[in-house]
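Have the sequence and the 3D view open as you read.

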Amino acid sequence: MIETVRNIFIELYGDREDIRTYFAPGRVNLIGEHTDYNGGHVFPCAISFGTYAAAAKRSDRKLRFYSVNIKGGVTECSLDDFRPLDDKSWTAYPKGVMWAMAERGMKMDCGLDVVIGGDIPAGAGLSSSASLEVLTGVMLRDLYGFELSNQDIALIGQYSENNYNGLKCGIMDQFASAMGKKDHAIFLDTSDLDFQYVPFVLKDEVLIITNTNKKHSLTNSAYNDRRRECGEALEDLKKAVSIDSLCDLSPEEFRKHSGAISDPVCLRRAHHAVYENQRTLDGVEALEKGDLEAFGKLMNESHVSLRDDYEVSCEELDILAETAWKIPGVIGSRMTGGGFGGCTVSIVKKEYEDIFCRTVGETYLEKVGYDCTFYVVSPGSGPEVF
Ligand code: GLA
């Protein structure tokens, strides 16, 4: 892919000595879903699928973008034309990051020609947008000499997605992309960004992502509603107990105070957040003890809670997870990411990989009417400048 974006750059904009190339990964979350905007823990890892760019500075204030994946030719605009919340094209992601950097005083002194391409399946919930944001951050840092850590880039990506693209996402996706480390998952406390790399190398098992191939779009969807419902639950709880976020509560404390939440829907949302946070803590502890079976059980419980309490699963995801649970050799299986489509993540014993793909694939086709897709992945590294 890196060669492709470079060659297309040369074809479109001409050969130049100063062409630079970049990569930022997508992510899969192992456990800890919809906890990242509730001050809880998450446990994602970067994957080898990601987004690539070839870019070079211009001498004027023009921006030219081209996507290898999205038809539409070269999009041209100016560095003086940013329209937060009113820009629906794919270029709103890189432009959002440029805008967010400028808001923080990091102004680009000239425009840019860029070609972007990626191998993250579109709409799969594997964070193609976060990867594009982090890629842009890394590219701007390199080209314009901005002083930023990878963690700063993650925060700028989240800020731009919240305020330029209008999705009130948490920090997980951008953090996982910017901070990824080969063979490790990231145990992140989203309340203070304290994190720890946890080795995640499977010996006798494989990590399989199964794509429903049902397109999902988080923007303008129920995602922002979930966030609002959690906020309402928090406001109610604050009348009974002194907390800053839902995940400040242990399950025991939650049981004690949950009566303060007046709306039954908000109660279920909060229940998910608190228990999912606990599952994430327990899951990492189990992994550290080498108890993969316990981790798998928690993954299954996470799916049930996302399906029933948080209501962000869908028929297609449920078919994938519920079919997987019945197959011997499946350690755990759950929806991953925001939900409403996208993928499941499963840990499967190596010798059952074929049976898993065959059984899940056939059942899915029969019940849904089109194919799902399987990717065997392992935790990959963070961004790269080539
Ligand atoms: C999306 C958001 C993340 C996170 C997940 C759910 O991927 O971008 O911030 O909230 O959903 O865990």
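## Ground rules

A residue is called buried when its relative accessible area is under 20%, exposed when it is over 50%, and partly exposed in between, using a 1.4 Å probe and protein chains only. This is a predicted model, in which local features need pLDDT of at least 70 and side-chain atom pairs count only at pLDDT 80 or more, while totals for chains, interfaces and linings use all residues. Residues are numbered from 1 along each chain as its sequence is written, and side-chain values use heavy atoms, with hydrogens and water left out.

Helices (H or I, at least four residues) and strands (E, at least two) are DSSP runs, numbered from the N terminus.

## Cysteines

A disulfide is a covalent bond between the sulfur atoms of two cysteines. Here it is taken as a pair of cysteine sulfur atoms within 2.5 Å, and a search of the whole structure finds zero of them.

Two cysteines show why. For Cys230, the closest cysteine sulfur is in Cys266, 8.0 Å away, which is too far for a bond. Cys230 has a relative accessible area of 2%, so it is buried. Cys372 has its closest cysteine sulfur in Cys357, and the 8.3 Å between them is again too far for a bond. Cys372 also counts as buried, because its relative accessibility is 10%.

Strands pair if DSSP finds at least two bridges between them. Six strands make an open sheet with mixed pairing, in the order S5-S4-S6-S3-S1-S13. Its edges are strand S5 (75–78) and strand S13 (384–385), each pairing on one side only. Strand S4 (residues 62–67) runs antiparallel to S5 and is joined to it by four bridges; in one part of this pairing, Arg64 has Glu76 of S5 as its bridge partner.

Angles run from 0 to 180 degrees between N-to-C directions, with axes fitted to C-alpha atoms, for helices over the stretch in contact; contact means heavy atoms within 4.5 Å. Helix H5 (residues 172–179) lies across strand S1 (20–29) and strand S3 (44–57), at about 125 degrees to S1.

## The three-stranded sheet

Another open sheet has three strands in the order S2-S7-S8, with antiparallel pairing. S2 and S8 are the edge strands, each pairing on one side only. H5 packs on this sheet too, touching S2, S7 and S8, and its direction makes about 135 degrees with that of S7.

Strand S7 (residues 184–189) is mostly covered, with six of its six residues buried. His184, Ile186 and Leu188 lie on one side, and Ala185, Phe187 and Asp189 on the other. Two bridges join S7 to strand S2 (residues 41–42), where His41 stands opposite Asp189 and Val42 has Leu188 as its bridge partner. Six bridges link S7 with strand S8 (residues 194–199), and there Leu188 stands opposite Phe195. S7 and S8 form a hairpin with four residues between them, and Leu193 in the turn has a positive phi of about 60 degrees.

In soluble globular proteins, nonpolar side chains tend to be buried together. A nonpolar core is a set of buried Ala, Val, Leu, Ile, Met, Phe, Trp, Tyr and Cys residues joined through side-chain atoms within 4.5 Å. The largest one has 45 residues, and Met108, Leu112, Met139 and Leu140 have the most contacts inside it. Helix H3 (residues 128–144) gives the largest share, eight residues. A second, separate core of 28 residues includes Phe200, Val284, Leu298 and Cys343.

Which loop holds Arg58? Arg58 is in the loop between S3 and S4, and it counts as buried because its relative accessibility is 16%. Leaving out residues up to four places away in sequence, Arg58 touches Arg64, Cys110, Gly111, Leu112 and Asp113. Arg58 and Cys110 are 52 residues apart in sequence, yet 6.1 Å apart in space, C-alpha to C-alpha.

## Helix H11

The expected span of a helix is 1.5 Å times one less than its number of residues. Helix H11 (residues 353–368) has 16 residues and should therefore span 22 Å, which agrees with the 22 Å between its end C-alpha atoms. Its buried residues are Phe356, Val360, Gly361, Thr363 and Tyr364; among the elements covering them are helix H10 (315–325) and strand S12 (373–377). Just after H11, Gly369 takes a positive phi of about 100 degrees.
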